[in-house]
Structures are given as structure tokens and as C-alpha cells.
Amino acid sequence: KKSFSFVNEIIVASSQNGTYNEIIVRVMFVLTLVNFGFVNSQIYDVLKFGAEGDGTTDDSKAFVEAWKAMCSSGGSNKTLLIPSDNTFLLQPLVFQGPCNSPSVQVQLNGKIVAPLNKAAWSGLKSYEWVSFHKIIGLMVLGSGTINGRGSSFWKANMPASKRPTQLHFKGCNNLEINGITSFDSPRNHISIRDCRQVKITQIKLIAPGDSPNTDGIDISTSTNVEIYDTIVGTGDDCVALNSGSININITRMQCGPGHGISVGSLGRDGEESIVENVQVTNCTFSETTNGARIKTWPNGKGYARNIVFKDITLTETKNPIIIDQHYMDKGHIHVEESSAVAISNVIFTDIHGTSQKDEIIKIDCSGVTSCKNIVLDRIDITTVDGNKPIIECSNAYGKSTNAYDGCLKTQ
């Protein structure tokens, strides 16, 4: 009312000066611009759709209703707001696309929590907690947190396939994830699947070092993914690059605790797997089980090629550099090998620090395909106990420069 009164005062004052028509046009133009801005930069606050934000009430329905309203509206710059100073309890839900807006934003400023324990979960059919499907131009931003309260799943020794992923993105092209913190996922924290053009930056993914299968970021069948300036400390791989991971760039990641950054595992149960054009640069591994790792199953097919691990700092890492083409989970028995994922054009360069084990490099390749064009360059790793480092290479071809001669065979 005050704003319209102010407008009327302008009109009255202006009419007395003989400029009534001109001011009317200008005022109406300004109001049109303001109205256009509200329509095209609309905020959908989950509290206004019935969410309680008390941490105990199930707010899933309110989140879905707010999402549907935003996703179905036209215009651009739509924002789903999860406000600060509130804690929202969510059961498994799906934010479904495509949306009518060319870009949508989820602004996570508050806290999202999972049910208190596994017995309190409902609707856990797909084993995904918060899912985003087929959304183009999605941004998930903010300083808020999401807590999966996964300890009851870990303590029950449930298989990984029966535990939910925390944040699942499928078919989301032009995706950006920025600033959020994820705690204690029952399984992996973030899953990127069937996505193109992804940017992940300034996030934190945290779980105890002994929490099983709590990978930081799992990537599969996705291309052009950038991950930088992130902190990941969990009970499994900081990043796992599965089949279909192409054009992946990981830089300035602080990894640890966890199992390092892994290509694979690939070729399980004889499947054909493809990973190529991967760069891992300027990363640190602190007390991780592995550092730079490639792992494939016996009797797999496909290839892993054009992979670079560069400028890596290690602090008491158990297996600093490892290629394992005889990888198998617990419970699997050794079988005679008839095929393997072909590994080629892999560079390990400028890697330095300390190893908990005496064996600092292990390149154990398949006798069927061998590993080709492997480069060990400027490797400077010492053992914590001061023993002489051990290097082991099997069926591996390439060259060593300022590293360890005699390990790799020359072709």
C-alpha cells in the first residue's frame, strides 16, 4: 500500500507541473520491469508449501509440492529455497524433470536429515535417498548440510546394494553442485549417472574412515565432469570412475581418510567397460588406503586409457601407486583369466610423500592384454619406517624417467 501511495504522490505532484502523461508512462514502465523480475526470478520456499522444518516432521511432501510448482512454471532463474535455521526430515524422494525453465536452482541453506535409523525409513525401493532425474541446467548450491545418519546401516553389515545413495543425479546435463556439505551417507554420497557437462566445486563429503562403501563421488556413463577445490574424507573411494566416465578432470581435492581416487572397478562379471581421458592433478592423499589406483576384474572387456595422475602429495598412504588387474571383492573365487580390460597410456608423474608400506608402486597387469605405455616420472616416495621402497611390476610396458628403472618392460 505504501508503494502505491508513493506512486500516487508522484502522479499528483507531476500533474501539478504539467508532466502528468510523461510520469505515468515512466511509472508504469518501472512497475512492469519490477513485475517481470518477480515473475522470472521466482523463489519457492519449502516453508510456504507446508514444510515444518523442525527435524522430526516428515517434510517430503512439501518439498515435492514446491518442486512441482517450480518445475512446471515458465520463465528462468527459478529457485527452490531450503532456508537456514531449519532442519528438514526427508524420506526418499525424487525431484523429477524435465522442467519448463531452462535452468533451476536448489538453494540449500538449512539442514536436511534422513530418518533417525534404518527402521524409520519408508519407500526405500530404488535405494536412493534424494534423487534428481532428467533436469537440464540444475544448480544445487548453498552452505547447508545433508546428513544421511548412516550408522545404523553400517552396523547392520548390510550389503552395499541394500543401502541408499545420499544424492543421486541421473540424466542431469549442465549440472553444478557448489558449497554443500554431506555427512554420513548410508552408502555413496553423490552418484553422477548419464550426465553431461558437470561441475562440482567447494563441497565437503564426510564419513568415518571405517564406514563401509561410503564413496565420495561415483561417476558412470557421464562425460565432461570437472571436480575441483573439494574435501572428501570417507570410508571408501574419494572418487570412483566407473564405466562410461569420459573427459574427467579432478583437481585440488583433499582426499582422506578413504581409499584414494580410483579408476574402476571395471569389467566385473565379464562386462565391457570404457574409461578414458582422465586427469587427476594437484591432489593430496592423507592416510588413505590407496593413492592413485586403477582396478579391473579378471575376464573383463573394454579399455581404460589416457589417464594422468600428476602433482600428487601423499601422507602415510598405504598403496601410493597401484594398478590391479586381478581385483576381486570378498567372497569371489579366483577363476582362470581369458580376457581383461586393456590399460594403456597411463602417466604417474610428480608424485611425492610418504608410504605406510614398503611397497610404494605395484603395477600388476593382466597376462592376457598387459598394460602398455605406462610412464613413471619424477616419483619421490619414502617409507614411514625408513626401509628401502619396493617396486613391483608385472606384464607392464612403458618407461621410467627419474623414477625407478627396470620395473617396466620396454616394447
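Predicted model: local features only at pLDDT ≥ 70, side-chain atom pairs only at ≥ 80, totals over all residues.
**View 1. The largest nonpolar core.** Here you can look at a core of 89 residues. A nonpolar core is a set of buried Ala, Val, Leu, Ile, Met, Phe, Trp, Tyr and Cys residues joined through side-chain atoms within 4.5 Å. Buried means under 20% relative accessible area, exposed over 50%, and partly exposed in between, with a 1.4 Å probe and protein chains only. W67, F132, L138, F169, I192 and F348 have the most contacts inside this core. Helix α3 (residues 60-72) gives the core its largest share, 6 residues; helices (H or I, at least four residues) and strands (E, at least two) are DSSP runs, numbered from the N terminus. In soluble globular proteins, nonpolar side chains tend to be buried together.

**View 2. L138 and the strands around it.** Setting aside residues up to four places away in sequence, L138 touches W67, V104, V106, F132, F169, C172, N173, N174, L175 and E176; contact means heavy atoms within 4.5 Å. Strand β9 (residues 138-141) pairs in the parallel sense with strand β12 (residues 175-178) over 3 bridges, and two strands pair if DSSP finds at least two bridges between them. M139 has E176 in β12 as its bridge partner. β12 also runs parallel to strand β15 (residues 196-201), joined to it by 4 bridges, and L175 has V198 in β15 as its bridge partner.

**View 3. The largest cavity.** On a 1 Å grid over the protein atoms alone, a cavity is a set of points where a 1.4 Å probe fits but cannot get out, and lining residues have an atom within 4 Å of a point. The largest cavity has a volume of about 100 Å³, where grid points are joined across faces, edges and corners, and a volume is the space filled by probe spheres set on the points. Among its 13 lining residues, I82, I112, V130, F132 and L167 lie nearest the centre. The lining divides into 13 nonpolar, no polar and no charged residues.

**View 4. The second largest cavity.** N319, I321, I322, E359, I360, I361 and K362 line this space. β27 gives the largest share of the lining, 4 residues. The lining holds 4 nonpolar, 1 polar and 2 charged residues; Ala, Val, Leu, Ile, Met, Phe, Trp, Tyr, Cys and Pro count as nonpolar, Asp, Glu, Lys and Arg as charged, and the others, Gly among them, as polar.

**View 5. The largest pocket.** A pocket is an open set of points with protein on both sides within 12 Å along at least five of seven lines. The largest pocket has a volume of about 1400 Å³. Of its 41 lining residues, R187, N213, D215, D218 and R268 are the closest to its centre. The lining divides into 8 nonpolar, 19 polar and 14 charged residues.

**View 6. G216 in its loop.** G216 lies in the loop between β16 (204-206) and β17. G216 is buried, with a relative accessible area of 0%. The C-alpha atoms of G216 and N188 are separated by 5.9 Å, although the two residues are 28 residues apart along the chain.

How values were computed. Residues numbered from 1 in each chain as written. Heavy atoms only, no water.
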